[in-house]
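Subject: Handover of a structure and the findings

Dear colleague,

Please find below the structure that I am handing over to you. The findings follow directly after it.

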Amino acid sequence: MSDRYSPYPPDEPVIGATYPPAPPLPPHSEELGYGDGGFEYADDADGEWDDVDSADGYDDGYGEPYYRDTPARQPMFYVFIGLAALVGGIVIFLLFSLFGSGDGAGTPGSVKFNVAIQSPVKDKRIEIGKPEDVIVEASSTEAIIRFDLFIEDKLTDTLEVRETSPDNKYRANLKASFERKGEYNLYVKVTSSSGATKQSDKLRVIAIEPVGDRPATINGKVVATVNLRTGPGDNFEQVGTLTEGKIVKIIGRTANNEWLLVDIDGGRWVNASAIDPQDSLALVPIRQVTPTPTPPAATNTPQPNPSASPSPSVTPTQTATAPDFAPTGAVLIDGGTTLRVTVANRSANNYNGAVVVAVSGVGPGTLTLAFSMALPAGGSAVADFELKPPITTAKTAVVNVDPGNAIKETNEDNNSATFTLVPAVEQPEIAILSPSVSGSAIGVTIVNNGASLATTNITVRVRLGGAETSQTQSLALAKGQTAVFSVTRPQGNGTATIEVLIGGQVVASTTIQLTP
């Protein structure tokens, strides 16, 4: 029967009908070709042959269509791949956030640091090529494993911490060196065991050229009247005086920096305690001193060769204007944080100017400061030294006024004295708060601003003219505690005096206006 009378379309297979098997595929070829039935073959990338009809997709040569099923990837496959990539990215991000320390904080808020550079000090001048110790102290809530030194954000030295401190407090010594002069900012970064980091504040230092033996000068300000001498010592001849406030040029120094050579009259020596250098003394060369020979006498008598020791100066002549300094007291105040030294002027002459005071025995080294004092004849003034740390135990302090004998005095033998320092014991401190009048009574509130007061009789008394009223209570007052008294108003009007008495002694008082 002809296909033209078939009830099925020519390209639709009939269910139940039989068909010849599909022809075998031709040999592989790199070129496209056509089989017997009009199929086009191409070598696929997977090594198999695909059949594609060049015109309508079925085999005209065999009369029946030939299909090759190819499985298709479903959309859910791509959805699964996308979700897997997203989850993987989230996991990587969380791991990086947990263990990363790029911002120097480790797990946010979990590690606390305290990092500070102890040496060098700010603006210290450091010679080029000379290693400088950078001492840093640090503490942390967890173990510190590394110190890194940065100069202008460049890593220059590292110290690995091998042993864990029991209290997580550490001290490291790093090395800094500079190749050219200029200003540099340096800082230290510490790293803890979790990877968290913290850096210190930046510290500015100044790199300078090596001083060597080349001449250099700096300026200095005179902070106390001082004698000019021919050599670096009190046993050299006095040849003049520098007054407070004068600016001088420093051209030399002794090896211990105790005496300075200033550019006056070809070079005169002064005690360094009276000069405030405006730059580092390291810039000034050390001068070796040759003693000045003793001038020859007016006679023709031959004079001996100059001695190798300096000629001692003549004992200062007492003048009508010379003061006489003497330390007369030294006490601890403000809980041992301040040492107050009293300096008396025992001469009949007034003095107004700078006075150098030195104190030893209260800490490492000697405390030396210059104070501006107004000392009338027979009067006194105080000099306060800040103490760090405070003194909490008994000490023996040696006080020396004008230690370099920079000021000519009527008596040079009483400038030093020894004092025993005892930390002050805090006492109760009673004060009266604003009193008030209510009818026939006066309300008085007292407060203890000092140490605790044991139970005792406290009396509040009000006096007006010859009239007097009072109230007494037995009570104890801790520091900051208050107590209220109600005292009968005395007869009359005017200004009344309110007093607080403990043990019969007035410890606080104030006034109040009583009106009709």
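A salt bridge is a side-chain nitrogen of Lys or Arg within 4 Å of a carboxyl oxygen of Asp or Glu. Side chains of opposite charge can pair when their charged atoms come close. By this rule, D153 and K202 form a salt bridge, with their closest N and O atoms 3.8 Å apart.

Before the other findings, a note on the basis of the values is in order. This is a predicted model, in which local features need pLDDT of at least 70 and side-chain atom pairs count only at pLDDT 80 or more, while totals for chains, interfaces and linings use all residues. Residues are numbered from 1 along each chain as its sequence is written, and side-chain values use heavy atoms, with hydrogens and water left out.

The chain as a whole

The chain contains one helix and 34 strands. Both kinds of element are DSSP runs numbered from the N terminus (helices: H or I, at least four residues; strands: E, at least two). Of the 516 residues in the chain, 34% are buried. Here buried means under 20% relative accessible area, exposed means over 50%, and partly exposed lies in between (1.4 Å probe, protein chains only). The accessible surface of the chain comes to about 30800 Å², and 51% of that surface belongs to carbon and sulfur atoms. Such areas come from the Shrake-Rupley method with a 1.4 Å probe; for residues, only the protein chains shown count as cover. Among the contacts in the chain with a separation of 6 or more, 57% are between residues 24 or more positions apart, where contact means heavy atoms within 4.5 Å.

Salt bridges

The count comes to 13 salt bridges. D153 counts as exposed because its relative accessibility is 51%, whereas K202, at 49%, counts as partly exposed.

Another salt bridge joins R204 and D123, at 2.6 Å from N to O. This pair links distant parts of the chain: R204 belongs to strand β12 (residues 203-208) and D123 to the loop between β4 (113-119) and β5 (125-127), 81 residues apart. R204 is partly exposed at 31% relative accessibility, and D123 is partly exposed at 23%.

In the salt bridge between R461 and E499, the closest N and O atoms are 2.5 Å apart. R461 is in strand β30 and E499 in strand β33 (residues 494-502), 38 residues apart. Are these residues buried or exposed? Both R461 and E499 are buried. Salt bridges that share partners also join D123, E183 and R204 into one network.

Two open sheets

Strands of a sheet pair through backbone hydrogen bonds, either parallel or antiparallel. Two strands are taken to pair if DSSP finds at least two bridges between them.

Ten bridges join β30 (residues 453-464) to β31, and L453 has L477 in β31 as its bridge partner.

Another open sheet of four strands has the order β23-β22-β25-β26, and its pairing is antiparallel. Here the edge strands are β23 (366-375) and β26 (416-421). Strand β25 (residues 395-401) pairs with β26 over six bridges, and V399 stands opposite A417 in β26.

Aromatic pairs

A pair of aromatic rings is described by the distance of the centres and the angle of the planes. Rings of Phe, Tyr and Trp (its six-membered ring) pair if their centres lie within 6.5 Å; planes under 30 degrees apart count as stacked, over 60 as edge-to-face and the rest as tilted. The structure holds four aromatic pairs. The rings of F150 and Y187 are stacked, because their planes are at 10 degrees, with the centres 5.1 Å apart. F150 lies in strand β7 (residues 144-151) and Y187 in strand β10 (residues 182-192), so the pair connects parts that are 37 residues apart in sequence. F150 is buried at 12% relative accessible area, and Y187 is buried at 7% relative accessibility. In another pair, F178 and Y184, the centres are 4.8 Å apart and the planes at 40 degrees, so this pair is tilted. Both F178 and Y184 are buried.

A colleague
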